Amino acid sequence: MTWYRSRTNCTGIRRFVDRREFLQTMGGGLGSIALVDMARARSQRTPASGLHHPAQAKRVLFLFMSAGVSQVDTFDYKPDLTKYAGKRITGKGNVQDLLFREEGNLMPSVFKFKQYGQSGKWVSELFPQLSRHVDKLTFIHSMVADANNHAPAQWQMSTGFVRSGNPAVGSWITYALGSETSNLPAFVVMKETDTPAGQAAAWGPGFLPSTFQGTVFQSDSDPILDLSPPATYDRASQRASFEFLRKLNEEHLRTRPKNGELAARVAAYELAARMQLAAPEVTDLGGESEATHRLYGLDRSDKRGAKFSRMCLLGRRLIERGVRFVTLYCGGSTSTLNSWDGHRELAKNHRHMAPICDQPVAALLTDLESRGLLDDTLVVWTTEFGRTPTSEGQTDGRDHNIAGFTIWMAGGGIRPGTSYGSTDELGFKAVDNPVRIADLHATILHLLGIDAESLTYYHNGLDRKLTGADGGQVIRGIV
Amino acid sequence: MVERCRWYPWVVVAVIAVFTRGSRTAAEDDLWSLRPIKAPEQPALYPAHRRRARTPIDRFVMARLANGGLGLSPPAARATYLRRVTLDLTGLLPTTAEVGDFVRDSRKDFCERAVDRLLASPHYGERWGRHWLDVVRYAESNGFERNKLRRNFWRYRDYVIDSFNSDKPYDQFVREQLAGDALKPGNPEHLIATGFLVAGPKNDVKTDSELQRMKRRQDEIDEFVRVTSTTLFGLTVGCGRCHDHKYDPISSRDYYGLAAVFSGLDRLDKVVASQEEKERHAVRVAVAQRKVDTQNAELERALEPARKRLAVKRLAAVAKGKVRPAVAFARNEDPFEPVYATHVRITITATSGNAKPCLDELEVYGADRSQNLALSRAGARASASSVVPNNDFHQISHLNDGRYGNARSWVSNEQGTGQASIDLGGRKRVQLVVWGRDRTGTYQDRLALRYKIEVSDDTASQGWTTVSSSEARTPFHNDATIRKTRQEIAEQDVVAVMTSGERFRYHAVRAELLRREDDLKKLPPLANSYVVHDQPPQSTFVLDGGDVRARGEEVEPRALAAVKSLDPNLLPKGEDSGPRRRLRLAQWMVDPKNPLLSRVFVNRVWQYHFGAGIVTTPNDFGFNGDRPSHPELLDWLAADFMRQSWSMKQLHRRIVLSAVYRQGSRYNSKAAARDGANRLLWRVVPRRLEAETIRDTILQVSGQLDLALGGPSFRLFRYIDGNVPEYVLLEAPGRETWRRAVYMYNIHTFDSPLMRAFDCADAMLQVPRRVHTVTALQALSLMNNRFVFEQARFFARRVTVAAGSRPEDQTVEAYRIALLREPTAKERQAASEFVREHGLLSLCRVLLNTNEFLYVF
């Protein structure tokens, strides 16, 4: 909640769009609103692409584990916890200030850990398939968040701020870079169950124009809302209607020359007509081999797992077709076993959730790599906060923990096989190289060739930035 | 000097303006918006321009245009003007008849008449109320994770609409919204008005962390400060939460001074009725309740005979299997196997009415029924656990005196219990005890219901042996026990045993009772609304960097020091309370010497009429905001607004009757070359309709728009309440949703997809100006959305009813309704052909998608 706090000053570039650029975005799909401005505004040398510096990643797959994955049960191995089992945390300040609910005793993980890969990364038994890919991954063990309940924390991870109403990372990136396809939305969101706590505010455009909102994609045949007319309506009439409308609008335009916006609407309908064809093509998995289906686990008997498998495969198909930013949610609202929110029976919860994503995420890494897509696709596996190394009160679950948690990234310019930062011996607080969410966001933008400080949008008296007034530091140790 | 921002209606437009930022001190005393408003002289015009200039506005704008070698565009066609001004003022389309009348009106003041008609329409308030709701981030849910519905907050929306419709003076409008509760305590409308302050999000997830709670509270206070300052000052005071403003003369002290005004402010959904309404409501409830009560008594009477019969029958059924009769008041016999005894006693453990037990005589017999062995004169002696004191009638000696009647009886001194013993004065063979409450049968109370009779034989050193008791007796019942049994009988069982006559009466009485209960239930509850709720003000400190733990200097409630013409001190004289602090702020705010309030408001109104304000950053009149394109005009409007007693309708009249507003919207390459962004207003820029207007006019064209005013919001979702409620989009919302969009529920993170596609205001945000995007998803929405399809079908039906089945006629009618004009011959031919091939529905849907329909020209 500090966007107006200004250590640097609040200067920025007033960002507006002129008609020509606007049309480029609409029609050509290659331009972008912010980019042109950024390039023009910058005094230093600008790469020909219009980017701040050469990009290592062109697109992002954002895998969001909803409601808080426990780091000490997954990727942040803390053997000392066994030694301190049943004791209280001491000497770490006011613990209660960091917690959401009641403080309990230290509780070691029930999961077995083993070392994997060249990097010798310790991973718990929850991820038997993903653990084979550890050498591709970069772990950040020292993430810290500001809000200890779900919705604000998900907003912070998704938009940079703990309050709703701010543009999602995906919105900022499509605002900056535009899209590489005009047939599909530039920023797509998919859910495997109901909507996570942050709801649509986690992929909304905030104060950016609604063009940049995340579009919710269903994994079935009519993936976008209102993509097609009611089934009873004749397809030929649908085509003819688009055509007749174009004629009427063009005729009208002739009497009103030089009206770019009216012209843009004509283009928008053409684009819509193309989208009607392109979107169902994405969700038609008939062209994917049997082996691919099996690799992702679409054939799994577990329906929920199979759905997430399908989403991961669709994620790959979407970015292959030029979509800029894809968010896939694993887990939804915080009802029992629906998300990673293990306040009670943590072991049972994580044993239920991990298999949903283990195989398809591993498959995604294999598949992207074999298609040469991993080089310029940034995969981010994240959650809004971690969980405490203690039990929650007298239960066998764990409370929310914003003082230290783990995420990982892969592909797109990330240094593979690394672990960055660390928590204390209990896995409670980030002690070594703490990474704020603004730092993570700055790093993601950096990998895409964008300088977080220069990407601004004027709103309500301020030049707003994804990383807020305090800014974010690119995590140099992993790029 | 770099070119400043221009504005195009779809997205805020561009020219890069890297400001050569002044130093902070430059802004400090010299911020244009803080200078006092001086009504400027109206500029002189060239003689050639004088005839065109209708109003002072025209003089300012035309003088400026003339300086740049430009002039106004030719006036818009009458039909174009009427469509524009109707959409602007009411958000609805004119009817074809209205257009026809207007075009043909030969009176000199035809425009004034049309504008007055529109301003008098209740739909004016719906349109302009929505603009205000955008600015104050009106939301009918709490936001955050739980996002609970605010079911009664629509009253604030109606308050806003009514305020516009009644042309409430703007200073009064502001006073009511900031401090209505202090202005006229007990006035419900004024309390509802404070919804302005509380409309923002509220985090109601519980946490055990004190620090988190403090942060949240600070966030809430921040909400109050921000909505007040951006809406009414047009300044980004919020910057002061962490540091002195970098550019504007706003310090952290100013920020926390405002925070102090709101330091005890909380919010609550509470009753907003006046005292009189409360009293009237109480009377109504009491009257209805009395009607229910009397009818209940009537029902009792109707049930009584049958129920009594049934109760007796039930009691009789219970008695089955019991071998001895129930106890009686007059005389009871307790026979037993003959036994030798020296003493006989009776122990009573329950009595009728739980009264102190009374025994008239206790007689003991052997085989000889004529010889009462208990009589005192036979040598026996009576004793008791207790005797009711000071009562000649009820002595223990009366127990065995051989005389009957109440005046010769014994009463214990214990409620419901007592024990009486007879010493037989020797060993006797006994086999019967006879006793009664009143052997004469006069008194029917104090009867022993539960008792036992015991004997003992001293000579054999035997203890007490029970020889008889109430155990084997049929339960006693009198009216009281019958009543108790009756209460346990279900009504339907009683009805089952009714005679047909009884049943007839019963049904009539029951039906009337249901009606009366229903009347009681249906009494409209007292109105609730989401409003301010004050706790005592808290000490407020400047927080270093906004950190709740870093308390600095304590501050008193105060307004902006930079407004030099006014005293910033807001500490109330006399009693200090939250409402009084807010009242002081309101008084400060509406003081005519405050240059911000009127400037900011007239600029908003201007913006909604022209698409861009005289200052294009309506919420930022600070150094980083835009400078006014016509500073003198802005000040003239602000001064005139105050002079006209802050009348919003007068302000609208000034604007929409000006030649500037009445000019055409055609592009002019010469003018565009000099002023591409049209900041000098050489034309009116075509604008897309807002999301609400698109939905409303589609319904208008289809003939399905329900123009009912006010009341609870309609829902496009199913609300599944719970700890974290869910909002599920309805697949097929019904007719009750075909109302104006201003009556749609405004939910955090839940928009109608159609509305969202057309850039509706986000309930999470203060939206001082809508953006207008053009996207493919928008096109898909407007072509394929179920709502559009459904309404296109109604539109087609309406056309058929009016024009019959010939495609040519249908085309003409459809154009008239949607586009308010006749099709050209060419259009008519092409459209008729299209109808022939693809149906009228297809044409209707296409017309709703045309630029001509979706834009104001």
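Buried residues, meaning those with 20 or more other C-beta atoms (placed from the backbone) within 10 Å of their own, make up 61% of the 479 residues in chain A. This is a predicted model, in which local features need pLDDT of at least 70 and side-chain atom pairs count only at pLDDT 80 or more, while totals for chains, interfaces and linings use all residues. Residues are numbered from 1 along each chain as its sequence is written, and chains are lettered from A and ligands numbered from 1 in the order in which they are written.

**Chain A overall**

- Chain A holds 12 helices and 19 strands, where helices (H or I, at least four residues) and strands (E, at least two) are DSSP runs numbered from the N terminus.
- Of the contacts in chain A between residues at least 6 apart in sequence, 75% join residues at least 24 apart; a contact requires C-beta atoms, placed from the backbone, within 7 Å.

- Not counting residues up to four places away in sequence, A272(A) touches A776(B), A779(B), L780(B) and M783(B).

**Enclosed helices of chain B**

- Helix α26 (residues 776-784) of chain B is largely enclosed by the rest of the structure, because nine of its nine residues are buried.
- The cover over α26(B) includes β7 (215-216) and α8 of chain A, as well as α25 (753-757), α27 (786-803) and α30 (840-849) of chain B.
- In helix α18 (residues 578-590) of chain B, the end C-alpha atoms are 18 Å apart, in agreement with the 18 Å that 13 residues should span at 1.5 Å a residue; the expected span is 1.5 Å times one less than the number of residues.
- α18(B) is mostly covered, with 12 of its 13 residues buried, among them R580(B), L583(B) and W588(B).
- Elements covering α18(B) include α9 (170-183), α12 (210-233) and α19 (595-610) of chain B.

**Helix pairs**

- Two packed helices are described by the angle between their axes and the distance between the axes.
- Axes are lines fitted to C-alpha atoms, for helices over the stretch in contact, and angles run from 0 to 180 degrees between N-to-C directions.
- Across the two chains, the axes of α7 (residues 235-255) of chain A and α29 (residues 825-838) of chain B come within 11 Å and cross at roughly 170°.
- α7(A) and α29(B) are therefore roughly antiparallel, a description used for angles over 145 degrees.
- S237(A), A240(A), S241(A) and F244(A) of α7(A) make this contact with F834(B), E837(B) and H838(B) of α29(B).
- Within chain B, helix α3 (residues 56-67) and helix α20 (residues 631-643) pack at about 170° with axes 9 Å apart, and α3(B) is therefore roughly antiparallel to α20(B).
- P56(B), I57(B), F60(B) and V61(B) in α3(B) meet E632(B), L633(B) and W636(B) in α20(B).

**Residue R654(B)**

- R654(B), found in helix α21 (residues 648-656) of chain B, is buried, with 21 other C-beta atoms within 10 Å.
- R654(B) and T55(B) are 599 residues apart in sequence but 7.3 Å apart in space, C-alpha to C-alpha.
- Leaving aside neighbours within four places in sequence, R654(B) is in contact with T55(B), I57(B) and D640(B).

Terms used
Contact = placed C-beta atoms within 7 Å. Parallel < 35°, antiparallel > 145°, perpendicular 65-115°, else oblique.
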